[in-house]
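Thanks for coming. I'll take a few minutes to go through one model, starting with its sheet and then moving to the helices and loops.

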Amino acid sequence: EATGYGLLYLTEEMLKANGNDIADKTVTVSGSGNVATFAIQKAQELGANVVTASDSTGWIYDPEGIDINLLREIKEIRRGRVSEYADERKSAEYHEGTGVWSIKTDIALPCATQNELNLDDAKALVDNGAFAVAEGANMPTTLDATEYLQDNNVLFAPAKAANAGGVAVSALEMSQNAQRLSWESEQVDRQLDEIMKNIYQTCRQTAAAYGNE
């Protein structure tokens with residue numbers, strides 16, 4: 001859970017620092033593995049409408065919001081493809097290949113694979129009004145796409161910071177083991193939230209110190 005949850009905690013902190021929040025926003029997510037599904041879940045808990053998910057064969061668009069339980073059943077239990085989601089949910093469309101970033105959205109969360117969001121995708125996001133991109137996967141945005149997003153004043157949270165939740169919780173587990181402690185999941189989640197907020201604030205303060213805020 002940690003990487004997907006942490007991605008949303010940092011994203012929400014970034015939005016709040018810039019006078020916004022995730023509630024009632026439209027969110028596009030790529031992927032349908034652990035990072036993506038837990039990111040979708042947490043985004044929904046924070047009040048967002050998540051409308052996409054994908055796998056290596058194609059992607060789904062559900063304007064009524066992704067049914068996370070159905071998606072998990074298909075991917076984790078049946079080991080199926082996202083196309084099955086559209087077969088079972090009338091509000092959803094399935095498209096082969098890529099295209100998640102062509103949907104009108106407020107916030108984009110690439111959570112699938114490296115270099116999945118290219119310059120054309122970045123242009124589509126800007127044209128469609130996206131104001132924030134946060135990386136859940138490792139280096140999912142190409143360099144030219146990153147520069148284009150930043151040049152067009154899109155808030156951008158790079159993977160080094162945005163998907164650090166998994167590593168952070170691993171450190172918390174090591175701490176528990178060293179002290180022979182066992183924390184409740186709620187306590188770990190609170191600490192993860194605080195860690196991700198601190199990571200964002202450190203990034204923001206450092207950027208300001210070097211004139212790159």
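Two strands are said to pair here if DSSP finds at least two bridges between them. Helices (H or I, at least four residues) and strands (E, at least two) are DSSP runs, numbered from the N terminus. This is a predicted model: local features need pLDDT of at least 70, side-chain atom pairs count only at pLDDT 80 or more, and totals for chains, interfaces and linings use all residues. Residues are numbered from 1 along each chain as its sequence is written, and side-chain values use heavy atoms, with hydrogens and water left out.

The sheet, then. E3 and E4 run antiparallel and are joined by 3 bridges. A hairpin of 3 residues connects E3 to E4.

Gly 58 has Glu 96 as its bridge partner in E5.

Next, the aromatics. Rings of Phe, Tyr and Trp (its six-membered ring) pair if their centres lie within 6.5 Å; planes under 30 degrees apart count as stacked, over 60 as edge-to-face and the rest as tilted. By this rule there is 1 aromatic pair. The ring centres of Tyr 5 and Phe 38 are 5.8 Å apart and the planes stand at 85 degrees, so the pair is edge-to-face. Tyr 5 belongs to helix H1 (residues 2-17) and Phe 38 to helix H2 (residues 34-45), so the pair ties together parts 33 residues apart in sequence. Both Tyr 5 and Phe 38 are buried, where buried means under 20% relative accessible area, exposed over 50%, and partly exposed in between (1.4 Å probe, protein chains only).

Each ring also has a charge over it, meaning NZ of Lys or CZ of Arg within 6 Å of the ring centre and within 35 degrees of the ring normal. Lys 42 lies over the face of Tyr 5, at 4.4 Å from the ring centre. Over Phe 38 sits the charged end of Arg 72, 4.5 Å from the centre of the ring.

On to helix H6, residues 143-151. Ala 145, Thr 146 and Leu 149 are buried there. Seen down the axis of H6, the buried residues fall within an arc of 100 degrees, so they line one face of the helix; the arc is that of the directions from the helix axis to the C-beta atoms. The face turned away from that buried side carries the exposed residues Leu 143 and Asp 151.

Finally, two loop residues. Arg 79, not a glycine, has a positive phi of about 60 degrees. Arg 79 is in the loop between helix H3 (68-77) and helix H4 (83-88), and is exposed at 68% relative accessibility. Met 139, also not a glycine, has a positive phi of about 50 degrees. Met 139 lies in the loop between strand E7 (132-134) and H6, with a relative accessible area of 53%, exposed.
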